[in-house]
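Please read the following report alongside the sequence and the model. It goes through salt bridges, helix packing and the surface in turn.

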Amino acid sequence: LSQAPNCGASNTSPVTGVLRMAAVVNQVICHRLGVREGFGLTEQARAALELVESQRQPALNLVVGLDAERGGNTNGTVALRMEWLLFDFGASNAGIQQSRLALAAVLDDQRAEVLLALADAAQLFATAKTSFGRLDSAAINLRTAQDSVRMTEARQAAGASSLAEKVQAQTALAQARLEEVRAKSQWLSANGALAIAMGLSANQTFEFDATEADDDSFFERSLDIKALIDEARSR
């Protein structure tokens with residue numbers, strides 16, 4: 001989280017241009033409340049560990065005094081005192097070990113929360129992009145059905161088409177309109193869910209490149225699934 005750009009400030013400005021996976025993942029992770037809370041808990045756990053470790057170090061206290069007497073005489077005193085705890089029957093070591101375990105637990109929770117946010121971001125992005133493609137395809141099918149009705153009506157007026165062909169074309173047009181309404185509803189739902197997860201207004205609209213494959217390199221690295229499963233089991 002500390003290395004992700006724009007996580008220090010709340011970024012709620014509208015998104016312009018073609019939306020990419022890496023930008024979605026970054027903004028969803030930065031906006032996720034559990035991730036931000038975990039980041040704060042991690043800093044607290046680190047500070048607690050540093051405080052416990054510092055208590056094992058020697059402490060130096062410097063005291064400087066100046067006394068004035070009648071007759072113009074002054075007396076100055078300087079005292080330096082060092083305190084160093086040499087043996088406490090393992091209490092300090094236990095405290096350090098406990099703080100380290102607490103920090104490790106917080107870091108594990110933080111990693112899990114980030115991975116959940118990453119998975120949600122990828123799923124929301126894929127759903128929105130797929131819905132965008134379906135809406136574009138439905139619009140093309142609707143235009144094709146409208147052209148087919150016009151051609152059928154023209155042919156019927158010229159006596160080259162039957163009434164059954166006209167009814168069939170009108171039925172296809174009605175189905176195309178229904179599919180276009182469904183695709184638009186799915187697109188608005190997916191678009192709003194993605195915008196809210198990114199911390200934006202629900203009416204924020206995104207632009208996707210439906211003609212080219214996503215060129216993001218965010219997930220290009222091959223993952224050792226077996227190693228991840230083994231690590232999950234051990235933890």
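Is Asp108 buried, partly exposed or exposed? In this predicted model, Asp108 has a relative accessible area of 25% and is therefore partly exposed, since buried means under 20% and exposed means over 50%.

**Overall architecture**

The protein chain contains five helices and two strands, and from the N terminus on its elements follow the order α-α-β-β-α-α-α. The chain has 235 residues, of which 22% count as buried.

**Salt bridges**

Six salt bridges are found when the whole structure is searched.

| Pair | Closest N and O atoms | Relative accessible area |
|---|---|---|
| Arg32 and Asp120 | 3.0 Å | Arg32 24%, Asp120 30% |
| Glu43 and Arg46 | 3.2 Å | Glu43 38%, Arg46 35% |
| Asp108 and Arg111 | 2.8 Å | Asp108 25%, Arg111 46% |

The salt bridge between Arg32 and Asp120, with its closest N and O atoms 3.0 Å apart, links distant parts of the chain, for Arg32 sits in the loop between helix H1 (21-31) and helix H2 (33-54) while Asp120 belongs to helix H3, 88 residues apart. Arg32 is partly exposed, with a relative accessible area of 24%, and Asp120, at 30% relative accessibility, also counts as partly exposed.

Glu43 and Arg46 form a salt bridge with a closest N to O distance of 3.2 Å, and because they are three residues apart in helix H2, about one helical turn separates them. Glu43 is partly exposed, with a relative accessible area of 38%, and Arg46 counts as partly exposed at 35% relative accessibility. In helix H3, Asp108 and Arg111 are likewise three residues apart, so that about one helical turn lies between them, and their salt bridge brings the closest N and O atoms to 2.8 Å. Arg111 is partly exposed, with a relative accessible area of 46%.

**How the helices pack**

The crossing in which H3 passes H4 is left-handed.

How do H2 and H3 run relative to each other, and why? Their axes come within 9 Å and cross at roughly 165°, and H2 and H3 are therefore roughly antiparallel. H2 passes H3 in a left-handed crossing. The axes of H1 and H3 also come within 9 Å, but cross at roughly 135°, which means that H1 is oblique to H3. The crossing of H1 and H3 is right-handed.

**The nonpolar surface patch**

Which residues form the nonpolar patch on the surface? The patch is made up of Leu60, Leu62, Val64, Val78, Leu80, Met82 and Trp84, which together present about 830 Å² of accessible area. Strand S1 (59-68) and strand S2 (74-83) are the elements that give two or more residues to this patch. Met82, which lies in strand S2, has a relative accessible area of 52% and is therefore exposed, the cut-off for that class being over 50%.

**A buried residue in a loop**

Phe206 and Leu194 are 12 residues apart in sequence, and their C-alpha atoms are 9.3 Å apart in space.

Note on methods:
Residues are numbered from 1 along each chain as its sequence is written. This is a predicted model: local features need pLDDT of at least 70, side-chain atom pairs count only at pLDDT 80 or more; totals for chains, interfaces and linings use all residues. Side-chain values use heavy atoms; hydrogens and water are left out. Patches are made of residues with over 30% relative accessible area and no salt bridge: like charges are joined within 9 Å, nonpolar side chains (Val, Leu, Ile, Met, Phe, Trp, Tyr) within 5 Å. Accessible areas come from the Shrake-Rupley method with a 1.4 Å probe; for residues, only the protein chains shown count as cover. A salt bridge is a side-chain nitrogen of Lys or Arg within 4 Å of a carboxyl oxygen of Asp or Glu. Helices (H or I, at least four residues) and strands (E, at least two) are DSSP runs, numbered from the N terminus. Buried means under 20% relative accessible area, exposed over 50%, partly exposed in between (1.4 Å probe, protein chains only). A crossing is left-handed if the near helix is turned anticlockwise from the far one by less than a right angle, and right-handed if clockwise. Axes are lines fitted to C-alpha atoms, for helices over the stretch in contact, and angles run from 0 to 180 degrees between N-to-C directions. Angles under 35 degrees count as roughly parallel, over 145 as roughly antiparallel, 65 to 115 as roughly perpendicular and the rest as oblique.
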